Amino acid sequence: MLSLHPIPTARTRSWVNFPFHIHPSLPRISASSPTSNNNNQTNQPTSSSSSSTSKLIKRFVLSNKGRTKLNTYSDRDFYSYPRFVTHVDDKFISTLTDLYRERLFSGWEVLDLMSSWVSHLPREVKYKRVVGHGLNAQELAKNPRLDSFFVKNLNEEQQFQAEDCSFDAVICAVSVQYLQWPEKVFAEVFRVLKPGGVFIVSFSNRMFYEKAIAAWRDGTAFSRVQLVVQYFQCIDGFTQPEVVRRLPGDVDNSPLSGIMRLLGLSGSDPFYAVVAYRNFKPVYETTQ
Ligand SMILES: C[S@@+](CC[C@H](N)C(=O)[O-])C[C@H]1O[C@@H](n2cnc3c(N)ncnc32)[C@H](O)[C@@H]1O
């Protein structure tokens, strides 16, 4: 059973507007050094997951170094105040909403992993239920699409309080770069997905630099896509991941936008999504 926070009906909260819309060319370096922080955390991530989901992991993709973050303070502290901002531009969001419109259907049960106060699900589609997850309860309580939500630091514990095979879709928008144990989280997503259910992981080139894992920070656009592809491939039972890319200029090829791009003023965030489905049976399994 899920242990969830109900969504409050009256949402008359006051909040701080935090302009945390980081541009990739402006990396933010933590004031804290990995070796000298005040909460005794090491730069080594911690992990826990149930034995049933660990069996699904064929191999680990990241090295210990690849999992490290520049800011080693607790993620809960970092997300302790709400950020009522959008993390990517309108074009990215409309591309993501179109992808959801194409792949997620009415009447479905949806888990929005690493969610916030906004939903990118199409407004006109009625899902059976949408469960949200994140690190800030105030943000999640404001999200109009969520029927319920739970707060959990996935870098400390990777289990979701959800039944096996309970969701038709799991979505994770612009957040995968913060996962230090993505293999365990992807295994957990596999566990809660119904056979045939879909997992959509989307991302751009923006990030809270100090909170992104080293393998992501040090990567290129190509290697980040490959990384997410490998997160899927290391789990026994996902279909071959499909990559969806919409890069600035894919749609608008007008001379003006070409000039803007040359001047570095194109403004639009590149869109990447990796999509895979839970197979009905692990491919190696030959028994009836
Ligand atoms: C850039 S925001 C994206 C929010 C939302 N998906 C969206 O599209 O607006 C990153 C989200 O990842 C979540 N997050 C970051 N680190 C996390 C962690 N260690 N465990 C769980 N969630 C985390 C935070 O709650 C935050 O809302």
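Hi everyone, let's start with helix 7, where the buried residues are Arg224, Leu227, Val228, Tyr231 and Phe232. Buried here means 20 or more other C-beta atoms within 10 Å of the residue's own, exposed means 12 or fewer, and partly exposed is in between, with C-beta atoms placed from the backbone. Those five residues sit on the same side of helix 7 because they cover an arc of only 140° around the axis, the arc being that of the directions from the helix axis to the C-beta atoms.

A word on the model: it is predicted, so local features need pLDDT of at least 70 and side-chain atom pairs count only at pLDDT 80 or more, while totals for chains, interfaces and linings use all residues. Residues are numbered from 1 along each chain as its sequence is written.

Back to our helix. On the face turned away from the buried side of helix 7 you'll find the exposed residues Phe222 and Ser223. The cover over its buried residues includes helix 5 (182–192), strand 6 (193–203), helix 6 (214–217) and strand 8 (271–277). Helices (H or I, at least four residues) and strands (E, at least two) are DSSP runs, numbered from the N terminus.

Zooming out, the protein chain has eight helices and eight strands. Of its 288 residues, 37% count as buried.

And the ligand? It is surrounded by 17 residues, and the closest are Asp75, Met114, Gly134, Leu135 and Ala173; to be near, a residue needs its C-beta atom, placed from the backbone, within 6 Å of the molecule.

Notes:
Two residues are in contact if their C-beta atoms, placed from the backbone, lie within 7 Å.
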